[in-house]
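My notes follow in the order I looked things up.

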Amino acid sequence: MSETLATFAERILHKRGVEIILNDRLKAATAEKAILQSGAEIPCKTLISTVPSALPPVLQSLDCAKERGKLLVDTALELRGYEGRVWALGDCTAIKTVVGGQVPPTAQHAVREATTAAINIAAAVRGGRRVEFGFEGLGTLGSLGSGAAVAEIFGVKTSGLLAWFLWRGIYLMKMPGLNRKVRIAADWLLHLLFPPELAQTKLASEPGIRNQHFEAGDVIFRQGDLGDSVYVIEEGECEVFCERKGEQELLAILGRGACFGEMALLSDRTRSATLCARTAMDVLIIPKADFNKLRQSVPAFGDVFTELATRRAEAGSPHFSTEHCMPASPPGMPTEAWGGKLGSRRSSSTRAPP
Ligand SMILES: Cc1cc2nc3c(=O)[nH]c(=O)nc-3n(C[C@H](O)[C@H](O)[C@H](O)COP(=O)(O)OP(=O)(O)OC[C@H]3O[C@@H](n4cnc5c(N)ncnc54)[C@H](O)[C@@H]3O)c2cc1C
């Protein structure tokens, strides 16, 4: 997009109260904030990410010429080193047009590359004239919502409502079939006259087992909180504090592979300690419902946590006694889990279990 159009778009968004931060990157995100590479922190509960799609991993395993991870092809879309035998096109390729410009990863280019590749494959099989990819793009369109857009078509720049109509019109033309075109046009027209209802019925169930990131100093849960999940540390370290007689006592430092949070779930009591990230941490969170399902379906899984909670209780964590610990396995079930002794699963960086 040209600089003048980008500046126009920026101005419209700025008027709407959107703050645009350029030349920075998202480094990490917690449940409370987004953290940028520059160190700036944006307190937020919702993140909408528009990072570009990554290249498919299958490309990494291909032993051929590449440019920034993309398959290197010539202007006839033949893979470098495999000319006349392999053709590649679309987002996974690095293509230069006949005038030397880098072809951007867009659909308007991809569909035209398909025609070029098809002609060249037919030429290689049946003989005939090969063609080169010379499409330079028709232009750029960007919708800003609320009846505003920016557009540059065949070198002509336009913005505002006109660009918005252009944007809608072009996408409508691209819809396959008259039936679909009429339905979409009628739908858009109705939306103009009667804006859609914004009420949303939440039908999707709560996410189950998930990952979460914490920054150093973030509290994961506090002593006295209701226990709703069990945590497994994938990366980083956290500290376990317990408040006794008004004093915060450090009980343990847990590292990669350690689990915590099981005591409140097994004893059906509130959290017996406060867990605080000591370094940046990535954890796997297993919500109570999933944890209980796993304990019932895989008794050995439940036994690991029952054993862990018992050990921690013996080591002095308050509010917990083994009599509150609900056995996960039926009587007589072996307590050996996942082919190893339970004790062997303890994290090496655990100083003292909470
Ligand atoms: C959110 C978004 C908006 C976009 N908007 C526009 C736009 O407005 N205008 C525009 O011109 N372009 C737009 N693009 C870009 C456009 O979608 C792509 O450039 C285009 O789809 C590329 O076509 P492709 O055939 O290379 O890849 P794709 O369309 O991504 O097709 C690749 C196919 O390969 C499949 N696949 C992947 N790995 C494997 C595997 N190992 N085995 C088998 N199959 C596999 C995938 O499932 C997929 O179906 C947009 C892209 C995104 C993500």
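I count two residues as in contact if their C-beta atoms, placed from the backbone, lie within 7 Å. The model is predicted.

**Entry: cysteine 238 and the cores**

I looked up cysteine 238 with that cut-off. I left aside its neighbours within four places in sequence. Its contacts are then Ile220, Ile233, Leu254, Leu275, Cys276, Ala277, Arg278 and Met281.

Next I asked which residues have the most contacts inside the largest nonpolar core. They are Ile220, Cys238 and Leu275, in a core of 33 residues. Helix α7, residues 299-314, gives this core its largest share, five residues. I also found a second, separate core of 11 residues. Phe8, Val150, Ala151 and Ala163 are among them. I noted the general background: in soluble globular proteins, nonpolar side chains tend to be buried together.

Strand β13 covers residues 238-244 and strand β14 covers residues 247-254. I see them pair in the antiparallel sense over seven bridges. I checked glutamate 243 and found glutamine 248 in β14 as its bridge partner. Two residues lie between the strands of this hairpin.

**Entry: positive phi**

Most residues other than glycine have a negative phi. I looked for exceptions and noted two.

Lysine 245 has a positive phi of about 50°, although it is not a glycine. I place lysine 245 in the loop between β13 and β14. Is lysine 245 buried or exposed? It counts as exposed, because it has 5 C-beta neighbours inside 10 Å, and 12 or fewer is the cut-off for that class.

Leucine 77 is the other entry, with a positive phi near 65°. I find leucine 77 in the loop between β5 (70-72) and β6 (93-94). Leucine 77 has 26 C-beta neighbours inside 10 Å, so I log it as buried. The cut-off for buried is 20 or more.

**Entry: the three-stranded sheet**

I traced an open sheet of three strands in the order β1-β2-β3, with antiparallel pairing.

I then checked one pairing in detail. β2, residues 33-36, pairs with β3 in the antiparallel sense over three bridges. Lysine 33 stands opposite proline 43 in β3.

**Entry: the ligand shell**

I listed the residues around the ligand. They are Ser53, Pro56, Val58, Gly90, Asp91, Pro105, Thr106, Ala107, Gln108 and Ala110. I sorted this shell by class and got five nonpolar, four polar and one charged residues.

**Entry: isoleucine 184**

I found isoleucine 184 in helix α4, residues 178-193. Isoleucine 184 has 14 other C-beta atoms within 10 Å, so I log it as partly exposed. Leaving aside its neighbours within four places in sequence, I get contacts with Leu172 and Met175. How many residues apart in sequence are isoleucine 184 and leucine 172? They are 12 residues apart in sequence and 7.5 Å apart in space, C-alpha to C-alpha.

Key
Residues numbered from 1 in each chain as written. Predicted model: local features only at pLDDT ≥ 70, side-chain atom pairs only at ≥ 80, totals over all residues. Near = placed C-beta within 6 Å. Nonpolar A, V, L, I, M, F, W, Y, C, P; charged D, E, K, R; others polar. Pairing = 2+ DSSP bridges. Helix = DSSP H or I, 4+ residues; strand = E, 2+ residues; numbered from the N terminus. Core = buried A, V, L, I, M, F, W, Y, C linked by C-beta atoms within 7 Å.
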